[in-house]
Amino acid sequence: MVNIPEIKKTLLEEKARLEGELAEVGHKNPEIKGDWSPSAPDLNNPTADPADNADSIEEFEKNAALEVELEAMLMEVDVALNKIEAGTYGKCRVCKAPIEEARLKANPSAQTCIAHREG
Ligand SMILES: [Zn+2]
């Protein structure tokens, strides 16, 4: 039997960790709940030399890629938490069978059983 309170605790910790990392590479969209945007580089700084601006753009692109990845992970954690609240947590999205406990332990936000794992 899957220990839901334990899983929920793990998911909430993961959520806090992801939000902390997101806060470093982006900022919350105040208009859309759960949406984040990568922080834009400050290119209007008149004292910055062009090399610095190039660095900023490179940094921005790296942050933007990381931001997208973190946001996707955060979304999966939220989906799992919502399922816990709805009482539908731990069922495969494809065949509706219970997801293997070992799989949920390895990835608490998994939405499919091992047989229907994607990728
Ligand atoms: Zn399945």
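**View 1. The zinc ion sits in a tetrahedral arrangement of donors.** The 4 donor atoms around the zinc ion subtend angles of 99 to 117°, so the arrangement is tetrahedral (four donors count as tetrahedral if all angles lie between 85 and 135 degrees). For orientation, ideal angles for four tetrahedral donors are 109.5 degrees. This is a predicted model, in which local features need pLDDT of at least 70 and side-chain atom pairs count only at pLDDT 80 or more, while totals for chains, interfaces and linings use all residues. Residues are numbered from 1 along each chain as its sequence is written, and side-chain values use heavy atoms, with hydrogens and water left out.

**View 2. Cysteine and histidine side chains hold the donor atoms of the zinc ion.** Look for the SG atoms of Cys-92, Cys-95 and Cys-113 and the ND1 atom of His-116, which lie 2.0 to 2.4 Å from the zinc ion. Donors here are N, O and S atoms within 2.8 Å of the metal (3.2 Å for Na, K and Ca); water is not among the atoms, so sites may look incomplete. Along the chain, the donors follow the spacing C-x2-C-x17-C-x2-H. Cys-113 is buried, at 6% relative accessible area, whereas His-116 is partly exposed, at 29% (buried means under 20% relative accessible area, exposed over 50%, and partly exposed in between, with a 1.4 Å probe and protein chains only).

**View 3. Lys-96 has a positive phi.** The phi of this non-glycine residue is near 65°. As a reminder, most residues other than glycine have a negative phi. Lys-96 belongs to the loop between helix 2 and helix 3 and is exposed, with 56% relative accessibility. Helices (H or I, at least four residues) and strands (E, at least two) are DSSP runs, numbered from the N terminus.

**View 4. A cavity is lined by residues including Tyr-89 and Ala-110.** The structure holds 1 cavity of 30 Å³ or more, and the volume of the largest cavity is about 40 Å³. A cavity is a set of points on a 1 Å grid over the protein atoms alone where a 1.4 Å probe fits but cannot get out, and lining residues have an atom within 4 Å of a point. Its volume is the space filled by probe spheres set on the points, which are joined across faces, edges and corners. The lining is made up of Val-79, Ala-80, Lys-83, Tyr-89, Gly-90, Lys-91, Ile-99, Ala-110 and Gln-111. Ala-110 lies in the segment after helix 3 (101-106) and is buried, with a relative accessible area of 8%. Between Ala-110 and Ala-80, 30 residues apart along the chain, the C-alpha separation is 7.8 Å.

**View 5. The largest nonpolar core has 19 residues.** Ile-7, Leu-11, Tyr-89 and Leu-104 touch the most other members. Helix 1 (4-25) and helix 2 (50-86) are the elements that give two or more residues to this core, and helix 2 provides the largest share, 6 residues. Such a core is a set of buried Ala, Val, Leu, Ile, Met, Phe, Trp, Tyr and Cys residues joined through side-chain atoms within 4.5 Å.

**View 6. Trp-36 is a buried residue in strand 2.** Strand 2 covers residues 36-38, and Trp-36 has a relative accessible area of 7%. Trp-36 and Glu-19 are 17 residues apart in sequence, with their C-alpha atoms 9.6 Å apart in space.

Technical notes: Tetrahedral: all angles 85-135°; square planar, octahedral: opposite > 155°, others 65-115°. 1 Å grid on protein atoms, 1.4 Å probe; cavity = no way out; pocket = protein on both sides within 12 Å on 5 of 7 lines; lining within 4 Å.
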